[in-house]
Amino acid sequence: MSEQAIRENMVKWGRSLFERGLTAGSSGNISVRLDDGYLMTPTNSCLGFLDPATLSKLDPQGRHVSGDAPTKELPLHFAFYEQRPASKAVVHLHSTYATALSCLSDVDPADAIPPITPYVVMRAGRVPVVPYTRPGAAEVKPLIAALAAEHAAVLLQNHGPVVAGATLDAAVFAIEEVEEAAKLAIITRGMPVRLLDEAAIADLDRHFKLR
Ligand SMILES: O=C(O)[C@@H](O)C(=O)COP(=O)(O)O
Ligand SMILES: [Zn+2]
């Protein structure tokens, strides 16, 4: 895919996520790893109204080279890229149900989304909760780095989901599934839910390796 096509794909997905209410205002950010650096959404931009020409471009060392100033969440994105060489895109949203789960004090911080359906296991795997840090703080980087080699998706405590994928399309599909699974988890809370058992999860892990 040419860089121009990648820019247009970022704009397309940003608009789609925003129009479906998966992140509001200027929340959320998207990045894609290129052969010669990275494209990032600009800080304080609305995902619904991105411009391919003003996306931030960074060099391979993370230095801003063109476009508007990048998202303040660079440490978040680079933590995934450094730990997951096969990941080519990272998406962070403030989607309602995944964010709601990230605020609950009784979720398992090692595995916040119960395996109710196979799709979340296939697309996102086990989703841990990263302890709270201020948005944009560098302190988030080592916290995610400790998890990212094993986890393509995390919930930032009291903040929202972040997901890495082999392509931007894959990262978007995975974060949409995290949101859907979080929604199921919340609406079935307190009900006698039948979870997938360990054998079923291991079978999915073998068949659908995440990058
Ligand atoms: O929650 C925040 O402030 C950030 O994590 C965010 O979602 C948007 O930040 P920018 O990408 O810097 O606009
Ligand atoms: Zn955020």
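Trainee: In this predicted model, is strand β8 largely enclosed or exposed, and how many of its residues are buried?

Mentor: Strand β8 covers residues 160-165. A residue is buried if 20 or more other C-beta atoms lie within 10 Å of its own. By that criterion the strand is largely enclosed by the rest of the structure, because the number of its residues that are buried is 6 of the 6.

Trainee: Which residue of β8 is the bridge partner of Ala89?

Mentor: Strand β5, residues 89-92, runs antiparallel to β8, and 4 bridges join the two. Within this pairing, the partner of Ala89 in β8 is Gly165.

Trainee: Which residue takes a positive phi in the hairpin of β7 and β8?

Mentor: The hairpin has 3 residues between its strands. The residue there with a positive phi, near 55°, is Asn158.

Trainee: Is Lys88 buried or exposed?

Mentor: Lys88 is found in the loop between α2 (74-83) and β5. Not counting residues up to four places away in sequence, Lys88 touches Val32, Arg33, Ala166 and Thr167. The threshold for burial is 20 or more other C-beta atoms within 10 Å. Lys88 has 21 such atoms, so its class is buried.

Trainee: How is Leu204 classed, buried or partly exposed?

Mentor: Leu204 has its place in helix α7, residues 198-207. Because Leu204 has 17 C-beta neighbours inside 10 Å, its class is partly exposed.

Trainee: What separates the C-alpha atoms of Leu204 and Val121?

Mentor: Leaving aside neighbours within four places in sequence, Leu204 is in contact with Pro118, Val121 and Met122. Leu204 and Val121 are 83 residues apart along the chain. The separation of their C-alpha atoms is 6.9 Å.

Trainee: How many residues around ligand 1 are polar?

Mentor: The residues around ligand 1 include Ser26, Asn29, Thr41, Lys72, Glu73, His92 and Pro135. In the shell, 1 residue is nonpolar and 2 are charged. The number of polar residues is 9.

Trainee: How far apart are the end C-alpha atoms of residues 8-186?

Mentor: An unreviewed UniProt entry lists this range as "domain: Class II aldolase/adducin N-terminal". Over residues 8-186 the chain is 36% helix and 18% strand. The distance between the end C-alpha atoms is 34 Å.

Note on methods: Residues are numbered from 1 along each chain as its sequence is written. Chains are lettered from A and ligands numbered from 1 in the order in which they are written. This is a predicted model: local features need pLDDT of at least 70, side-chain atom pairs count only at pLDDT 80 or more; totals for chains, interfaces and linings use all residues. A residue is near a molecule or strand if its C-beta atom, placed from the backbone, lies within 6 Å of it. Ala, Val, Leu, Ile, Met, Phe, Trp, Tyr, Cys and Pro count as nonpolar, Asp, Glu, Lys and Arg as charged, and the others, Gly among them, as polar. UniProt positions are given in the numbering used here, feature names are shortened, and annotations may be inferred rather than shown by experiment. A residue is buried if 20 or more other C-beta atoms lie within 10 Å of its own, exposed if 12 or fewer, and partly exposed in between; C-beta atoms are placed from the backbone. Two residues are in contact if their C-beta atoms, placed from the backbone, lie within 7 Å. Two strands pair if DSSP finds at least two bridges between them.
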